[in-house]
Amino acid sequence: MSLATAHDAPIHSNLLGRAHEVVADIHQGGATTLAVAVLVGGMALFLSASVWRSLQGDHRPAGSAVTVLQSTGLAAVFVALAYQVRAGGWLTGADPAVLGWFTGHRSDWVTGPAIAVTDAGGPAGTIIAAVAIGAVLSRRARSPIPALILIGTVGAAALASTVTKSVVGRTRPPIVSQVLLETDHSFPSGHATGAMVLFTMAAVMFGYGLPPTRRALLLISAAGVTVVVSVTRLYLGEHWLADVVGGILLGGLAAVIGGALYTIWMDRTRARVAASTDENYTHSGRSDPTTMGRAA
């Protein structure tokens, strides 16, 4: 090999390496752009479908279509966020700053209640609450179906959260930032998922048949409880911001599907009861020829 060839070899290798980096950057940039487009489009689809549902009021001729649109929108946003988390995309850029803010603003009088809330919102607390709420709903409806729908929806969300954790494989915040040591995967937050699906489902199920204002208040209350539980996870340093956002999205997706199933069941139950009542009324109101003859 000549001296010139030996001299050019490192330059050639450096150029190839730089070219590979540029291609990788372009590929990553394209994937990020696509993920952001899917996220924005999914959110717009969900919000549009939600507005459509609110305009329907108590009339649900297109309820199935609205549910599909809402579910598709939330699923798209969740998948896009999960991809960004796995790829370390810019959507996770605020995570360190948010974690640092919460860890830098801890105080003894907040830490104790935060631990109590996060313990109550854990897997065991969520299961107990789901069983208790389901029992009340089933007793009121005189059927086991409401409890089965609620517990099944919460369980499906928990399973989806566990599977997603394994697929994404995100590590928890540094141990030094955690108040309660947790070392399993981080995305999405199981606490945020459980709180969102449980309390949103409870609001939908208890709010069935109520005026729109009261249903809205129940949903706002459910959102408030979910936010409190999610904030405790950030405050205690157990999750990144994207983790709790992902949990809320996943829990909301499960609640949309579970709430639609409950609404369909309740609509059909009411229709059967109404049909049975009308039939009984018709039978009781029939003219009796014998009675009419006596009266005459």
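Colleague: Which residues is Tyr 262 in contact with, leaving aside its neighbours within four places in sequence?

Modeller: Tyr 262 is in contact with Arg 140, Pro 146, Ile 149, Met 205 and Tyr 208, where contact means heavy atoms within 4.5 Å. This is a predicted model, where local features need pLDDT of at least 70, side-chain atom pairs count only at pLDDT 80 or more, and totals for chains, interfaces and linings use all residues. Residues are numbered from 1 along each chain as its sequence is written, and side-chain values use heavy atoms, with hydrogens and water left out.

Colleague: What makes a set of residues a nonpolar core?

Modeller: Its members are buried Ala, Val, Leu, Ile, Met, Phe, Trp, Tyr and Cys residues joined through side-chain atoms within 4.5 Å. The largest one has 18 residues, and Leu 150, Met 201 and Tyr 262 have the most contacts inside it. A second, separate core of 14 residues includes Phe 78 and Phe 187.

Colleague: Why is Ile 151 called partly exposed?

Modeller: Its relative accessible area is 38%. Buried means under 20%, exposed over 50%, and partly exposed in between (1.4 Å probe, protein chains only), so Ile 151 counts as partly exposed. Ile 151 is found in helix α6, residues 145–168; a helix is a DSSP run (H or I, at least four residues), numbered from the N terminus.

Colleague: How confident is the predictor in the protein chain?

Modeller: pLDDT is its confidence in each residue, from 0 to 100. The chain averages 83, and 80% of the residues score at least 70. Over residues 1–7, though, pLDDT stays under 50.

Conventions. Helices (H or I, at least four residues) and strands (E, at least two) are DSSP runs, numbered from the N terminus.
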